[in-house]
Amino acid sequence: MIKLEGLTKVFPGHNIPAVKELNLEIKEGDVCVLVGPSGCGKTTTMKMINRLYEPTGGKIYIRGEDALQMDPIKLRLDIGYVIQEIGLFPHMTIEENVATVPNEKQWPKDKTREKVKEVMTLVGLDPDVFKDRYPTALSGGQRQRVGVARAMVSDPPIMLMDEPFGAVDPITRARLQNEFLRIQERMGKTIVFVTHDIDEAIKMSDTIAVMREGELIQHDTPSDLLSAPADEFVSNLVGRNRSIKRLHLIRINEILEDVSRGKPLNEDAKKDDIEKQLAESDIRSVIVVDRDNKLKGVIGVNDLKRKAGEVARDYCQDVSDTITDDATLNDALSVMLEIGEGYVAVVNEDDRYQGTITLGDLLNVVKEDS
Amino acid sequence: MLRNIWVWVGIPLIMIGIAAAIVIYSVNNPTDSIVARMLTYERVFRVIREHMGLLLVSMTGATIVGVAGGIMLSRPSLYRIGRVMETIVNIGQTVPSLAVLALFYTILGLGFRVAVFALFLYSILPILRNTFAGIDGVEHNIIEAARGMGMHPLRILTRIELPIAFPIIVAGLRTAIVINVGAATLATFIGGGGLGDLIVTGLSVHRDMIIINGAVIAAVTAILLDYLIGKVEERVVRWA
Amino acid sequence: MDQLLWAVFDTLRAAGNGMMLSAQSDDPGLFMQTVNWISRRSEMLMELMLEHLWLVVLTLIIAVIISVTVGIIISYYESMAQTVLGICQILMVIPSMAMLAFMVPLFGIGFTTGVMALVLYSLLPIVRNTYTGIRELDPAIVEAAKGMGMTERRILFKIKIPLARPVIMAGVRTAAVMMIGIAAIAAYVGAGGLGELIFSGISRGHQPMIIAGAIGVSIIAIVFDYLLYYGEKRFAVEGRTREGN
C-alpha cells in the first residue's frame with residue numbers, strides 16, 4: 001500500500017539528514033507504528049508521506065503510484081491526518097470541523113451532513129449533542145475524538161496519525177486507544193502512527209518500525225520485536241521487563257474462556273448458594289448479576305456476616321470500576337491497581353457481564369510467555 | 001430582537017438626537033449677530049459632509065491597503081519584512097497626529113486631498129499591524145492540520161487564517177477609526193475642512209456657542225463609531 | 001476613492017519636485033533651511049521643548065494620582081467598575097480638538113485648559129490598567145496574605161500595588177505618549193509648547209518652523225515611549241525575581 005524507497009530528508013542549513021535512506025513497506029490494512037526517541041525522524045518521515053515536507057531524495061509509492069508526481073493537494077485529500085495538538089479550527093463548530101475535507105471536495109450538502117453524523121457516532125460523540133459546539137467547549141478527550149472523526153470522514157484508505165492520543169490523561173488515552181482499535185478492526189485502514197511511547201506502539205500496531213537518528217533500525221511485528229530485538233538500542237527501548245510488556249499485546253477476550261470461574265450469582269440467589277459459591281471462589285468474593293446478565297455488584301466474605309438479608313441483592317456492594325473485554329491485559333492491571341483489588345469484572349460493549357480477571361491470571365500469562 | 005433594535009438603532013438615534021437638538025437650538029437662538037452669521041444649517045451640513053468625506057475616503061483606503069498589506073506581509077516569503085515593518089509601524093504610531101498632518105502640509109501644501117492622504121497613511125498603521133499580528137498569531141498546528149488535510153493555501157487564508165484573525169483585525173479597525181476621527185478634526189489647520197472648522201472659527205471669534213456645536217458633533221461622531229464597532233467586536237468572537 | 005488616488009498622485013509629484021529642488025544648488029533645500037533655522041533658534045526651541053515637557057510631566061503626575069486611586073477604588077467595588085471604565089472609554093474617544101473646545105468655555109484660553117483636557121484623556125489607560133492589574137492577580141497570593149493576618153490596607157500597599165506595578169506602568173506609558181501628541185494640539189488653546197511652532201508655522205507659511213515643531217514633538221514622543229518601555233521592563237523583571245523567591 002505504502003512503499004518508501006531510500007527516502008531521505010535533509011533540512012536546509014543542516015548537515016546531518018533528518019531521515020536517511022529509509023526503506024519501508026506497509027501492507028494494506030496494517031497499522032504501522034513509527035517509534036523512537038524525539039528527533040529520530042519519525043514525524044519527518046510521516047510528513048513526507050503527505051508531502052508536508054518534500055523529500056530531498058528517494059521515492060514514495062502509494063498503491064504503486066509515485067506520490068511525488070501527484071498533486072500534493074489531491075494526495076492529501078485522500079490521506080486522513082491527525083496531529084498531536086489536534087489543530088481543531090477554533091472558529092468552526094464541531095460539525096464544520098469534521099466536514100472540512102468533504103467541503104474541500106465539494107460533496108453535496110446532504111451527503112456531508114449524513115457522513116459527519118455517521119463518523120461522529122463512530123468515534124463516540126453524539127452528533128445531536130456536539131455538532132453545534134465550538135472546540136473550546138470540549139474536553140481534551142472529546143477533542144481527540146473530533147480530530148479522529150475529521151480525518152476519517154471522507155473514508156480515506158490511508159491515515160497518518162502523529163501522537164493522536166498524546167495530550168490526554170493515561171486513563172482517557174487507554175479508552176481512546178481501545179475504541180480506535182475497535183473502529184480499525186471494522187474499517188481496516190492502512191495507518192501510519194507516530195509515537196514515542198513504546199507501550200502504545202506495542203498495543204496499537206501490526207508492525208513496529210523503530211527509528212534512531214533518521215535511520216530505520218528494525219521493522220517487525222510487535223511480538224517479534226519483543227522476542228528478538230535487532231540490537232541493544234531496540235532492547236533498551238522495549239525495556240527489561242519485556243514479558244510484562246506482553247500484557248499490552250493480549251486482549252482480555254482472548255484469555256477470558258481459559259480463566260472461566262463459573263457462573264455469576266443471580267441477584268435472587270439464596271444465602272446458602274452464596275455461601276457455597278464464596279467457599280469455591282479464589283477471590284473471596286462473588287459477582288452478582290441481574291436477569292439480563294448486567295452487573296449488579298459484588299459480595300465479599302465479610303459482607304455476608306456484616307449485613308442482614310435474604311437474597312444476594314441484599315448483600316451486594318457496588319463495584320468501583322469494570323473493564324471492557326476488548327481492553328488489553330495491561331489495562332486490566334491498571335484498573336486493578338487503581339481500585340486496589342486483586343480482580344476486575346469484565347463487561348462487553350453492552351455492559352453485560354463476561355467474566356472476571358485476577359492478578360493470578362495475569363501472572364500466568366506472563367509466565368507462559370517467558 | 002427588541003434588544004437588537006435598541007442596541008443597533010435606539011442608542012445611536014438617541015446620540016444623534018442629542019447632537020441635533022443642540023444644533024437646532026443654537027441655530028434658532030443665536031446669542032448675537034456673529035453667531036447668527038457663522039452658525040447656519042448650511043455651514044453645519046457642509047462641515048459634517050466634509051468630515052464624513054475625510055473619514056470615509058481615508059478609512060476605506062486604509063482598510064483596503066492595511067488588510068491587503070497585512071496579509072501579504074504574513075506570507076512566508078515576506079514574513080521577515082513583516083517583522084521589520086511591525087517595529088516601524090510601532091514607531092510611526094508614536095508620532096502625534098498633528099505632527100503627521102503638519103509634515104504632510106510642508107510637503108504637499110494645503111487642501112482636502114492632503115488631509116485625506118495624511119489620515120489615510122496614519123490609519124493604515126494599526127490596521128496593517130493588527131492584520132499581520134492576527135494572522136501571525138494563528139497557531140501553527142491549526143495551519144498544519146489544514147495543510148495536511150489537503151486545503152489549498154488560498155482556502156487556508158480565507159477559511160482559517162482570516163476568520164481566526166478577524167477579531168484582532170476588527171480591534172485594529174477600531175483603533176484606526178478612533179485615531180482617524182480625532183485627527184480629522186485637525187484637518188482644518190491644513191485646509192482640509194471638517195468639524196474642526198467650527199471649533200477653530202468659534203475660538204477665533206470667541207463665541208462658545210459655535211465651539212460647543214463643533215465639539216458636540218465631533219464627539220458624538222467619535223463615540224457613536226466607537227460604540228458601533230465595539231458592538232461588532234462583541235458579536236464576532238462567539239467561538240472564543 | 002477618487003480623492004485618495006488624487007492624493008497619491010499629488011504626493012508622487014511633490015516628491016519628484018522636492019528631489020529636483022534639492023538638486024538645484026542656488027536654492028537651499030527644505031532640509032537645509034530647517035537645519036539653519038533650528039541652529040539659529042535653538043534657544044527658543046529648547047524653551048518650548050521644556051514647556052512641552054513641563055505640561056506633560058505635570059499632567060502625568062496629576063493623572064497618575066487620580067487614576068491609580070480611582071483604579072484601586074473600583075477594584076474593590078466591582079459594580080462601579082464597568083460604569084467608570086465606560087465613562088473613561090468615552091472620554092478617550094472624544095477627538096482632542098473637541099475636548100479642548102469643551103474646556104475653553106470652562107477654563108478660558110491657557111495652560112489650565114491644556115492640563116484639564118490632558119488629565120481627562122489619560123484617565124482610561126491608567127485606570128483600566130490599575131484595575132486589571134489588581135483584579136488579575138493570582139487570588140491565591142491575596143488569600144495567603146489574608147491567611148497570614150495582614151490587614152487589607154497592608155495587602156493593598158505591600159502585595160497588590162507592587163505586583164500590579166508593571167501593568168500600571170504600561171498604562172502610564174500609553175497615557176504619556178498620547179499626552180505628548182495632545183499637548184501639541186493644546187498649544188492652539190494657549191497651553192504653550194512645541195505645538196506653537198506648528199500652528200504659527202502653518203499660519204505664516206513658515207515651513208522650517210513647522211518641520212522643527214513636528215519633528216521635535218515626534219522625537220519627544222518616541223524617546224518617552226522608549227524610556228518608559230525600559231522602565232516597564234525593569235519593573236516586570238523585578239516582579240518576576242520577587243515571585244521567584
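Contact here means heavy atoms within 4.5 Å. In this predicted model, helix α14 of chain A, residues 271–280, lies across strands β11, β12 and β13 of chain A. Chain A also meets chain B, with 20 residues of chain B in contact with 24 residues of chain A.

**Sheet and helix in chain A**

- Strands β11, β12 and β13 of chain A form an open sheet in that order, and the pairing is mixed.
- The edge strands are β11 (265–266) and β13 (295–300) of chain A, each of which pairs on one side only.
- Strand β12 of chain A, spanning residues 285–289, runs antiparallel to β13(A) and is joined to β13(A) by 5 bridges.
- Within β13(A), A:I299 is the bridge partner of A:V286.
- Helix α14 of chain A runs at about 130° to β12(A).

**Interface between chains A and B**

- About 2,100 Å² is buried between chain B and chain A, and 62% of this area is on carbon and sulfur atoms.
- There are 2 salt bridges between chain B and chain A.
- A salt bridge links the side chains of A:E104 and B:R155, with an N to O distance of 2.6 Å.
- On the side of chain B that touches chain A, the elements giving two or more residues are α7 (140–148) and α8 (153–184) of chain B.
- The most is given by α7(B), with 7 residues.
- By class, that side of chain B has 11 nonpolar, 4 polar and 5 charged residues.

Note on methods. Residues are numbered from 1 along each chain as its sequence is written. Chains are lettered from A and ligands numbered from 1 in the order in which they are written. This is a predicted model: local features need pLDDT of at least 70, side-chain atom pairs count only at pLDDT 80 or more; totals for chains, interfaces and linings use all residues. Side-chain values use heavy atoms; hydrogens and water are left out. Two strands pair if DSSP finds at least two bridges between them. Helices (H or I, at least four residues) and strands (E, at least two) are DSSP runs, numbered from the N terminus. Axes are lines fitted to C-alpha atoms, for helices over the stretch in contact, and angles run from 0 to 180 degrees between N-to-C directions. Buried area is the accessible area (1.4 Å probe) that two parts lose on being put together, summed over both. A salt bridge is a side-chain nitrogen of Lys or Arg within 4 Å of a carboxyl oxygen of Asp or Glu. Ala, Val, Leu, Ile, Met, Phe, Trp, Tyr, Cys and Pro count as nonpolar, Asp, Glu, Lys and Arg as charged, and the others, Gly among them, as polar.
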